[in-house]
Amino acid sequence: METVKLTIDNKEIEVPRGTTILKAAKELGIEIPTLCYMDLHDLNIENKPGGCRICVVEVQGRRNLAPTCSTKCEPGMVVKTHTARVLNARRTVMEFILSDHPKDCLICPKSGTCELQDMAHRLGIREIPGQEFAEMSTYRKDTSPSIIRDLDKCIMCRRCETMCNDVQTVGALSAFNRGFQAAVGPAFEQNLEYSSCTYCGQCVAVCPTGALTEVNHVPQVLKALNDPTKTVVVQTAPAVRAALGEEFGMEPGTLVTGKMTAALRALGFDYVFDTDFAADLTIMEEGTELLDRLSRHLKGDKTARIPILTSCCPGWVNFFEYYYSDMKDVPSTAKSPQQMFGAIAKSYFAEKIGINRKDMVVVSIMPCLAKKYECQRDEFSVDGNPDVDFSISTRELATFIKQANIDIRNLHDEEFDSPLGESTGAGVIFGNTGGVIEAACRTAYEIFTGKKLERLEFTELRGMEGVRSATLDFDGTPIKIGIAHGLGNARKLLDDVKNGKSEFTAIEVMACPGGCIGCGGQPLHHGNSDIIKARAAAIYTEDRKKPLRKSHENPFIIKLYEEFLGKPGSEKSHHLLHTHYFDRKDKILVKK
Amino acid sequence: MSSIKIELRKEDVDFIKETCSKFNNDPQELINVLHGCQEHFGYLPAEVQEVISEHLNVPVAKVYGVVTFYSFFTMTPKGKHPISICMGTACYVRGGEKVLEEFKKELGIKVGESTKDNKFSLSSLRCVGACGLAPVVLVGDKTYGRVAPDDVKGILKEYE
Amino acid sequence: MVSMAKFFLEFTVEESCGKCAPCRIGNKRLHELLGQICEGKGKLEDLDRLKNMSLVIKDTSLCGLGQTSPNPVLSMMENFREEYLAHVNDKKCPAGQCKSLMKYIINAENCVGCTACARVCPVNAITGERKEVHLINQEICIKCGACFEKCKFDAIYIS
């Protein structure tokens with residue numbers, strides 16, 4: 001490999017040709033401040049529009065300052081990262097950026113986790129000269145079911161645009177206008193609701209400021225908890241337990257299942273249940289559907305569409321309803337675990353405890369922002385009463401716990417309530433990319449072959465590559481599995497299905513990179529993929545700790561079918577646990 | 001940017017389709033397609049952009065981004081006689097601004113707007129390369145040189 | 001010269017693509033500060049700010065537009081410093097270009113009291129009887145220059 005030698009702050013370093021000054025300096029332990037730059041190493045995505053000009057340095061012999069994020073090292077370069085000229089430029093540019101940014105930090109939803117705020121602090125900005133006559137660029141605020149856009153706070157780092165277009169290929173956001181009025185938003189500056197947005201929340205996850213935030217549903221939850229006429233039931237998604245601890249200073253990958261359960265009970269929820277239970281239920285329904293389609297397909301039935309696509313991820317559902325609405329019969333009709341939980345809680349469980357569904361409030365704790373939109377869909381309610389009333393993100397739960405003076409670090413572990421809190425390891429791994437299909441295979445194998453599965457961990461389905469595939473041997477029948485996480489990767493597999501080129505039996509898609517653990521409602525990872533990997537490992541640890549690791553062995557699932565649903569795919573199951581899809585473009589047009 | 005709601009006729013959609021396929025439906029040719037469509041329609045309403053987006057396989061947000069980035073593209077129809085006042089250095093120092101003010105006063109519109117009857121629209125531009133004639137005004141394809149504020153009424157009269 | 005620099009900045013503010021912060025916001029702030037100085041609201045230390053902002057915009061902008069846009073400001077500040085000083089110290093515009101800093105005054109010696117100026121004034125700032133010397137009320141005057149252009153006797157001058 002060809003290398004170049006250069007000097008940064010009087011220290012010599014040799015780096016591969018093509019390395020940026022920013023990365024070379026980092027190797028020397030020099031952290032040059034950056035604002036717009038974002039490196040998503042594992043996704044092979046680097047956002048470096050060179051727009052903020054905060055990372056500039058002095059390069060000997062160069063007329064102007066060099067942005068280190070996009071300037072490559074050259075042989076013999078002499079770089080100074082903190083001369084008076086550099087520090088003055090950095091400060092002045094920061095003053096420019098702040099002069100066009102609202103100063104309501106105290107009440108901004110990003111306060112405390114805002115990268116712009118951190119940078120102002122790091123650069124020691126104490127005043128913004130000329131603010132009294134500085135015009136600010138202002139825009140209309142837009143509140144969608146999941147995401148709030150406050151473009152007054154946009155600093156044009158373009159990270160959201162990179163996520164929405166390059167990673168997710170959703171194409172809802174683009175830079176518009178020019179000069180001082182430039183910002184990032186949907187076409188015709190319309191509401192996000194009327195765009196191709198899937199509410200995956202990846203834009204929110206990377207926004208350095210308060211320009212993109214989630215809709216806060218904590219006040220509604222608090223109100224329900226204080227209403228004595230309501231029984232408030234909470235469900236927690238698998239990925240939450242692997243990330244919530246980060247909000248309280250714990251190491252990434254710390255499992256807080258027991259502490260989270262205790263905290264939720266302390267917050268006043270009447271029943272603390274687990275979405276993992278509904279994940280097991282999903283496997284029963286989706287697995288049955290898969291086996292049904294597969295066996296019909298093997299018998300030559302042309303109406304049995306193969307591959308089957310998973311349908312647990314609402315961001316993904318929104319995506320195919322918009323871009324692949326002609327393929328509505330390909331995904332499984334099974335609802336997502338969140339919605340299955342809601343449907344069962346407000347029917348089976350409500351009956352069990354003898355209350356009317358109207359007196360029950362179901363709250364879900366989700367890593368995901370698309371779940372907020374999902375639970376508001378018309379088809380997921382009965383006579384205007386939604387199956388899931390409110391969905392709050394991991395981040396919102398953390399704020400809620402802090403508001404309630406609950407010291408989660410020192411809480412003793414507690415167990416979920418029964419029966420909707422009982423789950424197997426298969427339900428847990430739903431949080432990771434590849435997890436849903438692995439869980440499905442654990443069950444499908446045993447039902448399809450009638451034999452006991454010896455090797456539970458399908459490691460060939462695991463990993464962080466964007467598109468993965470593996471062929472499993474179902475006792476002589478090869479089952480080809482495709483996995484995609486990130487909607488851009490999903491699009492690759494989908495296009496093959498559309499063109500009839502797909503050889504897969506089943507495809508799992510999760511909208512967010514890494515799966516639910518990397519969702520838009522999780523604690524902000526600021527592009528550090530090691531955090532996502534630590535969360536993934538924690539999920540697999542939780543799976544290994546479970547005594548039961550196959551969904552169909554969950555005794556409470558068996559009981560639910562015996563007492564209430566009959567069997568997977570029964571009429572009652574179909575009514576409660578399955579859904580249908582729309583052409584979202586049409587729906588948006590009607591709303592417009 | 002506000003847009004006027006229009007309903008595209010079949011031949012309009014066909015025209016856009018043809019324009020796109022003339023450029024092999026290549027997303028890289030977006031700007032050329034926009035040029036072609038603006039020449040045809042006189043402006044680029046949202047509905048036209050949506051059809052272009054579909055045929056070039058470019059997100060409509062991107063199309064809108066390009067339309068709002070380049071000042072040449074417009075989402076509001078220009079007047080029958082578009083008036084452009086040069087604000088290049090030479091025209092500016094020789095009183096281009098006063099001429100512009102006079103046009104604004106006479107037409108009762110601001111830069112970037114059209115008169116209610118859609119007869120005139122007003123814009124300013126930077127240097128048409130006729131600095132010897134400064135200040136310069138363009139009405140449609142016709143050039144007027146050494147324009148004084150007093151001449152404005154006369155110029156407008158020519159188009160009545 | 002200050003208003004000329006402002007004019008050049010107007011161009012760059014309009015032409016800035018918006019990609020990088022120093023050009024997108026910096027030029028706007030430069031233009032605003034020049035506007036303040038033209039209105040007589042400038043302070044001596046603003047000249048240092050003007051220079052610092054200009055140098056940083058040149059030093060950090062992404063493309064040639066921002067790298068050169070402050071040049072008129074810098075060269076004019078260097079070669080016509082006294083004009084800038086007159087604006088901030090004496091609140092005067094020697095070139096008579098800054099409307100806020102100028103006054104239209106009637107020279108009593110030349111005024112014949114023809115009333116042409118009073119009739120053309122759009123805000124009725126000019127008073128005076130026929131065949132008597134007229135007077136411009138500076139509080140009302142909007143400095144449009146209509147009277148100046150109308151007067152046939154060179155009785156109105158700019159201070």
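Biologist: In which order do the strands E8, E9 and E12 of chain A form their open sheet, and is the pairing parallel or antiparallel?

Modeller: Happy to start there, with the reminder that this is a predicted model. In general, strands of a sheet pair through backbone hydrogen bonds, and the pairing is either parallel or antiparallel. Here the three strands follow the order E8-E9-E12 in chain A, and their pairing is antiparallel. Strand E8 (142-143) and strand E12 (212-214) of chain A have a single partner strand each, so they stand at the edges and one side of each lacks a neighbour in the sheet.

Biologist: Over how many bridges do E8(A) and strand E9 of chain A pair?

Modeller: E8(A) pairs with strand E9 (residues 147-149) of chain A over two bridges, in the antiparallel sense. For one residue pair to look at, take Thr143(A), whose bridge partner in E9(A) is Ile148(A).

Biologist: What is the pairing in the open sheet that four strands of chain A form?

Modeller: That one is mixed, with the strands in the order E15-E22-E21-E20. Its edges are strand E15 (308-309) and strand E20 (467-474) of chain A; each has a single partner strand, so each is left with one side that has no neighbour in the sheet. Within this sheet, strand E21 (residues 477-485) and strand E22 (residues 506-510) of chain A are joined by five bridges in the parallel sense. Ile483(A), for example, has Glu508(A) in E22(A) as its bridge partner.

Biologist: Which strands does helix H15 of chain A lie across?

Modeller: Helix H15 (residues 487-498) of chain A lies across E20, E21 and E22 of chain A, and runs at about 140 degrees to E21(A).

Biologist: Let us turn to helices. Which residues of helix H3 of chain A are buried?

Modeller: In helix H3 (residues 115-122) of chain A, the buried residues are Glu115(A), Leu116(A) and Met119(A). Down the axis of H3(A), these buried residues fall within an arc of 100 degrees, so they line one face of the helix. They pack against H2 of chain A. Just after H3(A), look at Gly124(A), which takes a positive phi of about 65 degrees.

Biologist: Now the interfaces. How many residues of chain A are in contact with chain C?

Modeller: The size of an interface is often given as the accessible area lost when the parts come together, but here we can count residues. There are 27 residues of chain A in contact with 26 residues of chain C. On the chain A side, helix H2 (residues 84-99) gives the largest share, seven residues. By class, that side of chain A has 14 nonpolar, nine polar and four charged residues.

Biologist: And how many residues does the contact take from chain B and from chain A?

Modeller: That contact takes 10 residues from chain B and 13 residues from chain A. Helix H4 (residues 60-69) of chain B supplies seven residues, the largest share of the chain B side.

Biologist: Into which domains is chain B divided?

Modeller: Chain B has domain 1 (10-69) and domain 2 (81-157), and their C-alpha centres lie 30 Å apart. Its secondary structure comes to seven helices and four strands. Of the 160 residues of chain B, 31% count as buried.

Conventions:
Residues are numbered from 1 along each chain as its sequence is written. Chains are lettered from A and ligands numbered from 1 in the order in which they are written. This is a predicted model: local features need pLDDT of at least 70, side-chain atom pairs count only at pLDDT 80 or more; totals for chains, interfaces and linings use all residues. Two residues are in contact if their C-beta atoms, placed from the backbone, lie within 7 Å. Ala, Val, Leu, Ile, Met, Phe, Trp, Tyr, Cys and Pro count as nonpolar, Asp, Glu, Lys and Arg as charged, and the others, Gly among them, as polar. Domain bounds come from an automatic or database domain assignment. A residue is buried if 20 or more other C-beta atoms lie within 10 Å of its own, exposed if 12 or fewer, and partly exposed in between; C-beta atoms are placed from the backbone. The arc is that of the directions from the helix axis to the C-beta atoms. Two strands pair if DSSP finds at least two bridges between them. Axes are lines fitted to C-alpha atoms, for helices over the stretch in contact, and angles run from 0 to 180 degrees between N-to-C directions.
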